[in-house]
Amino acid sequence: MLNTEFQKIPASYLFSDIAKKVSEYQKAHPDKQVLRLGIGDVTLPLAPAVVAALHDAVEEQAQSATFAGYGPEQGYAFLREAIAEGEYEAIGVSLDSDEVFIGDGAKSDTGNIQELFAADAKVAVADPVYPVYIDSNAMAGRLGDYEGNRWTNLVYLPCNEGNGYKPPFPTEPVDLIYLCYPNNPTGTTLTRDELGGWVQYARDNGAVILFDAAYRAFITDDSIPRSIYEIEGAEEVAIEFGSFSKTAGFTGLRCSWTVVPKALVIDGVSVNAMWNRRQATKFNGTPYIVQKAAAAIYSPEGQVQVQEAVDYYLRNAALIREALLGAGIEAVGGDNSPYVWFKCPGGMDSWAFFDFLLNNAQVVGTPGVGFGPAGEGQFRLSAFGSFETTQEAVARLTGLLPQLSA
Ligand code: PLP
């Protein structure tokens, strides 16, 4: 007997459809140079401090005196401590290192966390959204049926131009709320007051917030919270996810962390102890050499190098954002985030604008509708390309826009 919930999940053709359209276009127009601002992967290589740590760790693996086999399932203490200090103490949040669990990516961590909650827990997500939150709950059978373009038992919190692309509170009781800030795909952030409102909401309504902070390194404005635990009382209602993927180019290496505070106790049960049990049962740890590499970003030179890469992408993001705003398009994101999001000009739907951009400017972006029904008519551009590609793409885009508003 199969888990039939899998069959209900619509196949995601977003990135394959994009690739198909681009390859068909290139075949028909071999002389045209296509520029990609659609990717969510990073393009800069690893920082020298990270590469040096990798080499050292490989050498350790070559000697019996320093060889490391199975490590602690929760992660090595050196990395748990480095994260507690470098990511949390540094912003005034005090955590015990045994509240930090090392993982192999925020995709797996955000996908796996739902296992700790009841089969009939009611889930709320912002719409548009990073699809893993939805699909992992669909696999667990929590979302009802997929009808039209939505799940019957999922609470969608629509983010649109009217609410500044920030999710409204649910209007029905929910148990789990996924929040992601800085947001993928909209690039928006929440102010301290806004995030405080969500923590209060969770406290008042007995909900748990699953806070994905994969893009926190892109926050430059100190008034924007980098962690949900900057909000008082969040440690009793929130789990937080962090990733080295976008911060330090670990999309290929794979390393992440999950904070499960010991103060998060539901019906007398420690959620920290549950996650510890879950990881110890199903996970055998992120590779030693990768954890060594991750710890290297907290060295003084590592910090400088990693910040340089983040600044590089932020310069791209600013370029895209300012060009769109300059052209009269109400773009959001791109200031404390690597994504810029906007309503397609001329009232086009997401795919019509995708085709228009590809055919007329040879620029590839991501149709917003691929991230959920509220993304229809919206578009995402990513800052993870090279500066030169971004510059050229932005020039082509701005050259084209007057034609649309006319
Ligand atoms: N969370 C969000 C919001 C993302 O956009 C991504 C990747 O694009 C991830 C998590 C996954 O990150 P990781 O590479 O750590 O699995």
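Q: How far apart do the C-alpha centres of domain 1 and domain 2 lie?
A: The model is a predicted one. The domain assignment of the chain gives domain 1 as 4–45 + 301–401 and domain 2 as 50–299. The separation of their C-alpha centres is 25 Å.

Q: Which residues come nearest to the ligand?
A: There are 14 residues around the ligand. The residues that come nearest are Asp212, Tyr215, Ser243, Ser245 and Arg254.

Q: What is the phi of arginine 254?
A: Arginine 254 sits in the loop between helix 8 (245–248) and strand 10 (256–259). Most residues other than glycine have a negative phi. Arginine 254 is not a glycine, yet its phi is positive, at about 80°.

Q: Which backbone nitrogen does the side chain of serine 243 reach?
A: Serine 243 belongs to strand 9 (residues 238–243) and is among the residues nearest to the ligand. Because its relative accessibility is 5%, serine 243 counts as buried. Beyond four places in sequence, serine 243 touches Ala106, Ala214, Cys255, Ser256 and Trp257. At 2.9 Å, its side chain reaches the backbone nitrogen of serine 245.

Q: Which residues of the largest nonpolar core touch the most other members?
A: This core has 48 residues. Isoleucine 83, a member, touches Tyr88, Val100, Ile102, Phe244, Trp257 and Tyr298, leaving out residues up to four places away in sequence. The members that touch the most others are Leu79, Ile83, Ile228, Phe244, Phe250 and Trp257.

Q: How many residues does the second, separate core have?
A: The largest nonpolar core has 48 residues, with Ile83 among its members. The second core includes Ile18, Phe342, Phe354 and Leu381. Its residue count is 38.

Q: What is omega for the cis peptide bond that joins aspartate 127 and proline 128?
A: Most peptide bonds are trans. Proline 128 lies in the loop between strand 3 (123–127) and helix 6 (132–139). For the cis bond joining aspartate 127 to proline 128, omega is about 10°.

Q: Which residue does a cis peptide bond join to proline 182?
A: Proline 182 is in the loop between strand 7 (176–180) and helix 7 (192–205). Omega of this cis bond is about -5°. The partner of proline 182 in the bond is tyrosine 181.

Q: Is glutamine 362 buried or exposed?
A: Glutamine 362 is in the loop between helix 12 (350–361) and strand 15 (363–364). Its phi is near 55°, a positive value in a residue other than glycine. The limit for buried is under 20% relative accessible area; at 10%, glutamine 362 is therefore buried.

Q: What is the relative accessibility of leucine 143?
A: Leucine 143 is in the loop between helix 6 and strand 4 (146–147). Leaving out residues up to four places away in sequence, leucine 143 touches Val123, Ile134, Asn137, Ala138, Trp151, Thr152, Asn153 and Leu154. Leucine 143 counts as buried, with a relative accessibility of 1%.

Methods. Residues numbered from 1 in each chain as written. Predicted model: local features only at pLDDT ≥ 70, side-chain atom pairs only at ≥ 80, totals over all residues. Heavy atoms only, no water. Core = buried A, V, L, I, M, F, W, Y, C linked by side-chain atoms within 4.5 Å. Buried < 20%, exposed > 50% of the residue type's maximum accessible area, 1.4 Å probe, protein only. Contact = heavy atoms within 4.5 Å. Helix = DSSP H or I, 4+ residues; strand = E, 2+ residues; numbered from the N terminus. Near = heavy atom within 4 Å. Domains from an automatic or database assignment. Polar contact = N/O pair within 3.5 Å; in protein donor to acceptor, adjacent residues only side chain to side chain.
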